Amino acid sequence: MHVKAQLKQEKSKILNLSERSLSLLKMKTVVIVFLVASVCIQSATPSKLNMRKKRAWIVDFLTMEEEHTGPFPYKLGDLNIEKQVIEEYAIHGQGIDKDPKGILSVDRNGSVYAHRKVDYEEYQKLRIYLSKKHTIVAVDIDILDVNDHAPVFNRDVYEIAVDESTQQGKLLVTVLATDNDQPGTANAQLTLRIVSVSPSASSADFFIQQRKGEQTGTISFKGYLDYEEAPKYTILVEAKDHGEKMQLSSTSTVILNIIDKHDHPSEFTRKTIQKDASDSSVLKKMKQVGAMERMESGLMLEANKLAMCLSEETTDITALSPALYSPPIHFELTGDVQGKWRLQSNYGTSVRLIKESAVHAGDHQLTLKISDSQGQHSVQTLSLLVCDCDVSANCKDPATKMNVTAIAVVILSIPVLLGILLMAWCQIRAKKCAKHQMLLVEESEQSLSPDSTETH
C-alpha cells in the first residue's frame, strides 16, 4: 500500500510538472512571437520619430538673386556656425554635389560663394548639409526672384461670333494671362487693359473687368452693336506686371465677328456654316462623346496620387482631357491649407502646387475644386506623399516603397512562423512525454496489484 501511495504521488507530480512545463513553454513562445512581431511591424512601418531624428536642423539662412550676371565667383555671405564645425563636418547638398551641381562652395572660414547663376523657376531654394556621424545640420539658401518673365496670354488670338442683338453688359469673352515669376510678389501680379479697338465705333464702348488678384479679365460693352456700322471688331488687350525696377508686358488680340440678325449672314458665319455642314456628322459624334463624359465624371485630375521630396517646394497638377471643357479651367484649393499649401496660379490646364515650410513628411489629402468657364465643376481629392529623400532615395516611388516593405515583412515574419512551429512541436513533445510517464506509472501499479502478486 505504501508503494501504491508513492506511485500515486509520483503520478500527480508528473502531471503537475508536465502542465507547468507546458504552460511555461507557451508563455515563452508567446513572448518570443510578440517580440519578433513587434520588430517586424516597426521595421516595415516608417516611424515619424525615426524620421524626425534623421531630419536636419536648419541653423542658418542666406539669399541668392536668380540670374545674377556676375562676375563669378561672388560671396553670398558667411555662415553663422563655429569654425570647428565647418572644419570637422562634411559639407554636401544642393549646389555642391547634388543638382544643380557646381553652383556653391564653402571655404574653411564658413564663407559661401556662388560660381554661376541659378533660375528661380527651377529652384526656389537650395539646401546644403553639414554632417558628422549621426549629426546633421542644414543651411537654406533662398533664391530671390527677379522680374524676368513677361505675362503670357493662354491664346494669341481669341475669335468669337456675337449676335448684333446682344444686350450691353453681357460677357463676350474671357481672357487669361499668367506670369511665371515668384507668386505673391509684384513681379507676378498683373493688370489687364484694352489698348485699342479697331474700327472705333460710336455705338459701342468696349471695356474689360478684372477682379483684384485675378489673372482673368472679362470683356463687355456699353451701347449697342450694329453690323452695318462694323461687321468685325479687333480689340488689342495688354497684360502688364507690377515689377518694381522694370515692368514687362505682352498683348493678345480679340476678334469679334458681328452676326447680322435681320439681314444675310456675315462672311464669317457663312464660312462657319459651310465647314459645319461638311463635318456635321463628326462634330455631332464629338459633342455627344464630350457631353457624355462631362455628365458621367466632370472635370478630373490626370493623376490623383503624387509624391514629392521634403526638400522640393513645388509639383504640377494637371486636368484630365481639358479639351473637352470650356477654357479657362479654374483650380481652387479648399479645406485647411492656410500656411501649408497654395497654388502659384489658379488658371490653366496645369497649375503648380507650392508646399510651404510648415508641411512635414507624411501622407497628405488635398481637396481641389475644378471648374470651367461654363460652370461645369467637380471636387477632386489629391493624395500627396511628402517624403524625406535624404533618408530614403526611393521614397518618391510608391511601388518601390511597397516592394521593399513587402520583402521586409516576408523576411521578418519567418522568425514568427518558426516560433509558432516551435510552440506546436513543444506542445506535442510535452504531451508525448507526459503520456509515456503515465503509462510507466500505470504499469507499476498493475505489477503491485493483489492479482499480480497471487499469480506470481
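**Figure 1. Salt bridges in the predicted model.** By the distance rule applied here, the count of salt bridges comes to ten, and the structure in which they are found is a predicted model. One of these pairs joins lysine 75 to aspartate 78, whose closest N and O atoms are 3.1 Å apart. Lysine 75 is partly exposed, with a relative accessible area of 44%, and aspartate 78 is likewise partly exposed, at 43%.

**Figure 2. Close-up of lysine 125 and glutamate 313.** Lysine 125 and glutamate 313 form a salt bridge in which the closest N and O atoms lie 3.5 Å apart. Lysine 125 belongs to strand S6 (residues 125-132), while glutamate 313 sits in the loop between strand S16 (305-309) and strand S17 (314-318), so the pair ties together parts of the chain that are 188 residues apart in sequence. Glutamate 313 has a relative accessible area of 19%, and it counts as buried because the cut-off for that class is under 20%.

**Figure 3. Close-up of glutamate 238 and arginine 193.** A further salt bridge is formed by glutamate 238 and arginine 193, with 2.7 Å between the closest N and O atoms. This pair links distant parts of the chain, as glutamate 238 is in strand S14 (residues 232-241) and arginine 193 is in strand S11 (residues 190-198), 45 residues apart. The two partners fall into separate classes of accessibility: glutamate 238 counts as buried at 10% relative accessibility, whereas arginine 193 is partly exposed, with a relative accessible area of 42%.

**Figure 4. The disulfide between cysteine 309 and cysteine 389.** A search of the whole structure finds one disulfide, and it is formed by cysteine 309 and cysteine 389, whose sulfur atoms are 1.8 Å apart. The torsion about the S-S bond of these two cysteines is about -90°, so the disulfide is left-handed. The pair links distant parts of the chain, with cysteine 309 in strand S16 and cysteine 389 in the loop between strand S22 (377-387) and helix H6, 80 residues apart.

**Figure 5. The four-stranded open sheet.** Four strands form an open sheet in the order S1-S7-S6-S3, and their pairing is mixed. Strand S1 (57-65) and strand S3 (90-93) stand at the edges, each with a single partner strand, so one side of each is left without a neighbour in the sheet. On average, and with direction ignored, neighbouring strands of this sheet are turned by 25° against each other. Within the sheet, S6 and strand S7 (residues 135-144) pair in the antiparallel sense over eight bridges, and leucine 130 has valine 137 in S7 as its bridge partner.

**Figure 6. The three-stranded open sheet.** Another open sheet consists of three strands in the order S17-S20-S19, with antiparallel pairing. The edge positions are taken by S17 and strand S19 (341-343), each of which has a single partner strand, so one side of each is left without a neighbour in the sheet. Neighbouring strands here are turned by 30° against each other on average, direction ignored. S17 and strand S20 (residues 350-355) pair in the antiparallel sense over five bridges, and threonine 318 stands opposite serine 350 in S20.

**Figure 7. Aspartate 179 in its loop.** Aspartate 179 lies in the loop between strand S10 (173-178) and S11, and this residue is buried, with a relative accessible area of 5%. The C-alpha atoms of aspartate 179 and glutamine 189, which are ten residues apart along the chain, are separated by 7.5 Å.

**Figure 8. A nonpolar patch on the surface.** Ile414, Leu418 and Leu421 form a nonpolar patch on the surface, and together they have about 310 Å² of accessible area. Of these residues, isoleucine 414 lies in helix H6 (residues 398-447) and is partly exposed, with a relative accessible area of 44%.

How values were computed: Residues are numbered from 1 along each chain as its sequence is written. This is a predicted model: local features need pLDDT of at least 70, side-chain atom pairs count only at pLDDT 80 or more; totals for chains, interfaces and linings use all residues. Side-chain values use heavy atoms; hydrogens and water are left out. Patches are made of residues with over 30% relative accessible area and no salt bridge: like charges are joined within 9 Å, nonpolar side chains (Val, Leu, Ile, Met, Phe, Trp, Tyr) within 5 Å. Accessible areas come from the Shrake-Rupley method with a 1.4 Å probe; for residues, only the protein chains shown count as cover. A salt bridge is a side-chain nitrogen of Lys or Arg within 4 Å of a carboxyl oxygen of Asp or Glu. Helices (H or I, at least four residues) and strands (E, at least two) are DSSP runs, numbered from the N terminus. Buried means under 20% relative accessible area, exposed over 50%, partly exposed in between (1.4 Å probe, protein chains only). A disulfide is a pair of cysteine sulfur atoms within 2.5 Å. Two strands pair if DSSP finds at least two bridges between them. Axes are lines fitted to C-alpha atoms, for helices over the stretch in contact, and angles run from 0 to 180 degrees between N-to-C directions.
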